2 protein chains.
Amino acid sequence: MCAGPAAELGITLSVFAEAEDASAALVVPSSPVGDHTVAEAVHAFAQHCDVVTFDHEHVPAHVLDLLVAEGVELHPRPAALRFAQDKLAMRERLTELGIPCPRWTRADDAAEVTAFGDAVGWPVVAKTPRGGYDGKGVRLAASADDLADWLERAEAEGTGLLLEERVPFVRELAVLVARSPSGQAAAWPVVETVQTDGICTEVLAPAPELDDDLAADAVHAALRLAGELDVTGVLAVEMFEVVDAGGPAFRVNELAMRPHNSGHWSMDGAVTGQFEQHLRAVLDLPLGSPRPHERWTVMANVLGGDYPDLYPTYRHVMARDPEAKVHMYGKGVRPGRKIGHVNISGDDLADLRERAAHAADYIQGVVTE
Amino acid sequence: MCAGPAAELGITLSVFAEAEDASAALVVPSSPVGDHTVAEAVHAFAQHCDVVTFDHEHVPAHVLDLLVAEGVELHPRPAALRFAQDKLAMRERLTELGIPCPRWTRADDAAEVTAFGDAVGWPVVAKTPRGGYDGKGVRLAASADDLADWLERAEAEGTGLLLEERVPFVRELAVLVARSPSGQAAAWPVVETVQTDGICTEVLAPAPELDDDLAADAVHAALRLAGELDVTGVLAVEMFEVVDAGGPAFRVNELAMRPHNSGHWSMDGAVTGQFEQHLRAVLDLPLGSPRPHERWTVMANVLGGDYPDLYPTYRHVMARDPEAKVHMYGKGVRPGRKIGHVNISGDDLADLRERAAHAADYIQGVVTE
């Protein structure tokens with residue numbers, strides 16, 4: 001999704017692709033195929049780049065270390081990326097910075113799980129520190145027994161588990177910001193994210209009826225985090241909205257250091273979309289305006305369903321709603337996999353939500369009329 | 001500029017490029033190099049395509065004829081494209097359809113030029129029927145003597161010249177529409193185009209203070225033309241706004257059958273940009289909404305100036321105005337050549353015009369602060 005903005009900006013993009021038929025390789029002329037876990041292969045690729053960035057957080061530390069040692073310009077830098085790769089490191093750092101988080105602990109055995117659950121109340125949320133996304137690597141535990149397998153592996157690997165209280169949240173929010181190596185930063189408005197079965201299915205931009213102070217606090221926290229962690233590129237801060245004694249407040253849930261699902265609305269709904277902004281940021285170009293074009297933009301994810309051929313339903317959606325901006329990723333269809341999204345902008349939020357959801361549901365085959 | 005929308009729509013684009021370093025070849029993975037005047041070469045390329053379209057009108061008739069004979073799906077079709085390639089054919093057809101045009105004639109010798117000039121008033125506008133653009137192939141003639149060289153060539157080639165009265169216009173307008181093979185059509189709002197030395201330098205979308213009836217008439221004429229000429233893809237209808245006895249009116253100046261400079265504003269200023277719409281149209285996909293995102297969008301062309309390296313000024317413009325959407329085409333800089341454009345959207349038209357013009361002027365080196 002960086003390909004379009006790169007072409008407009010006059011930036012030559014090169015993708016280190018996982019396979020010849022990878023989505024990105026279909027739209028980027030320079031797409032050598034290789035394994036992102038092999039340091040020498042990534043380094044050989046990186047030598048032809050002015051700047052290297054990532055579309056996921058799973059590049060291993062030994063690969064990043066080699067690139068840094070060889071003087072490759074990496075953004076985000078490994079020292080920042082670590083806080084998106086390792087949830088325990090993230091919790092420790094956020095707590096040091098006084099950013100509101102769910103109560104949490106590191107647990108290495110069943111006794112520690114039980115002590116934490118007894119202290120904050122059951123069930124607790126357990127997370128593997130690394131490798132989770134879209135609900136993977138996250139489990140609700142009613143007792144230590146529910147985590148027996150994870151604890152066994154965590155013990156073997158010496159990684160520990162992250163335990164968090166289950167936050168009684170009103171809704172989920174996300175703040176997307178971009179920051180450049182020279183320190184310029186820009187924030188899009190706070191959005192509401194709607195999750196279904198642990199997967200984000202809908203984003204409302206901006207978050208409707210959000211308390212002004214909470215919005216300002218949330219944006220301030222995200223910008224401060226970007227600065228304190230020295231993030232370069234796009235940073236997504238996922239939050240829970242909660243009600244404290246003092247009124248509406250937030251707890252930070254997760255961080256991502258890359259263009260993020262919660263920012264897809266900006267591709268059509270803002271003056272500068274997140275993929276363009278990420279390119280500007282990692283290249284240390286001046287950042288673009290994150291101002292929304294229209295009052296509301298609703299994003300609905302298209303998940304893989306039962307029909308492998310999405311073309312007929314996609315075509316139907318284009319005909320039914322000329323305002324729907326349908327983005328398909330060129331990925332193979334697997335049930336539950338994010339394979340595209342739909343953005344619709346306008347003045348009537350309820351109407352936009354209905355239409356975006358219908359478009360996404362129709363493409364994936366959930367509704368047929 | 002189709003590359004971004006094609007990637008988003010999941011359409012695989014292939015470009016028959018004039019050279020390995022052609023702008024399009026830099027951003028489209030499949031870009032075989034060849035000569036668009038060699039029918040066999042174009043046909044070999046076309047065999048791998050579902051649909052073939054054009055980014056200029058200069059593909060020779062014998063090439064188009066071979067493609068049609070071989071069953072290639074061409075859009076626009078040669079029968080329509082002819083009216084964008086041959087200005088005499090265009091004037092004849094528009095006159096048959098009763099679409100308002102400047103008074104015109106075909107002249108093959110000096111006597112015919114003199115007779116026409118004496119009838120409509122001097123100077124007259126002379127055009128070569130084929131091959132003109134951006135002021136090339138257009139000349140203001142105060143007498144037949146001014147056209148001696150053109151008449152000699154026109155006589156040798158048997159092509160004639162198109163003569164038109166010089167229309168006392170208020171301003172220039174353009175209507176962009178898209179039409180699909182199955183007949184669906186959509187029109188963007190009428191825009192004002194500002195020309196400097198025969199080259200479009202600025203577009204205001206929509207045209208400010210445009211008479212409602214004139215706007216409706218202009219859009220109706222463009223949609224009717226698209227239907228009558230069986231245009232597929234984007235059609236740009238360039239017009240003069242004039243004052244008739246009955247009030248504001250228009251005369252059609254030129255036609256273009258492709259995404260057009262007067263529609264670049266739509267890339268950032270409308271729900272569906274012209275390059276996306278052109279792809280949808282030629283592929284017979286349902287058309288997208290042409291609704292503007294914001295009240296005004298101003299487009300300013302960046303012309304080649306004295307500085308071959310535009311990067312420092314481009315960077316300055318990005319920093320000075322985060323709302324400026326700068327599109328650079330990856331073309332070499334030649335004085336007067338269109339090498340990019342800037343779009344800015346918002347509520348204050350005068351402010352947007354100043355900012356867009358400044359950005360374009362700064363990039364090309366006309367202003368330095």
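1. Helix pair in chain B. In this predicted model, helix α2 (residues 39-46) of chain B and helix α3 (residues 61-69) of chain B have axes that come within 9 Å and cross at roughly 40°. The two helices, α2(B) and α3(B), are therefore oblique to each other. The crossing in which α2(B) passes α3(B) is right-handed.

2. Residues at the helix contact. On the side of α2(B), the contact is made by B:A39, B:E40, B:V42, B:H43 and B:A46. The residues that α3(B) contributes are B:H62, B:V63, B:L66 and B:L67. Sorted by class, the contact of α2(B) with α3(B) comprises 6 nonpolar, 2 polar and 1 charged residues.

3. Sheet of chain A. Chain A contains an open sheet of 4 strands, with the order β1-β4-β2-β3 and antiparallel pairing. Its edge strands are β1 (104-107) and β3 (138-141) of chain A, each of which pairs on one side only. On average, and with direction ignored, neighbouring strands of this sheet are turned by 30° against each other.

4. A strand pair in chain A. Strand β2 (residues 124-127) of chain A is joined to β3(A) by 4 bridges, and the two strands run antiparallel. Within this part of the sheet, A:V125 stands opposite A:L140 in β3(A).

5. Helix on the sheet of chain A. Helix α6 (residues 110-120) of chain A packs on the sheet and touches β1, β2 and β4 (161-165) of chain A. The direction of α6 in chain A makes about 15° with that of β4(A).

6. Sheet of chain B. In chain B, 4 strands form an open sheet in the order β1-β4-β2-β3, and the pairing is antiparallel. At the edges stand β1 (104-107) and β3 (138-141) of chain B, each with a single partner strand, so one side of each is left without a neighbour in the sheet.

7. A strand pair in chain B. Here the reader may turn to β1(B), which 4 bridges join to strand β4 (residues 161-165) of chain B; these strands run antiparallel. The residue opposite B:W104 is B:E164 in β4(B).

8. Helix on the strands of chain B. Helix α6 (residues 110-120) of chain B lies across β1, β2 (124-127) and β4 of chain B.

Technical notes: Residues are numbered from 1 along each chain as its sequence is written. Chains are lettered from A and ligands numbered from 1 in the order in which they are written. This is a predicted model: local features need pLDDT of at least 70, side-chain atom pairs count only at pLDDT 80 or more; totals for chains, interfaces and linings use all residues. Side-chain values use heavy atoms; hydrogens and water are left out. Axes are lines fitted to C-alpha atoms, for helices over the stretch in contact, and angles run from 0 to 180 degrees between N-to-C directions. Angles under 35 degrees count as roughly parallel, over 145 as roughly antiparallel, 65 to 115 as roughly perpendicular and the rest as oblique. A crossing is left-handed if the near helix is turned anticlockwise from the far one by less than a right angle, and right-handed if clockwise. Contact means heavy atoms within 4.5 Å. Ala, Val, Leu, Ile, Met, Phe, Trp, Tyr, Cys and Pro count as nonpolar, Asp, Glu, Lys and Arg as charged, and the others, Gly among them, as polar. Two strands pair if DSSP finds at least two bridges between them.
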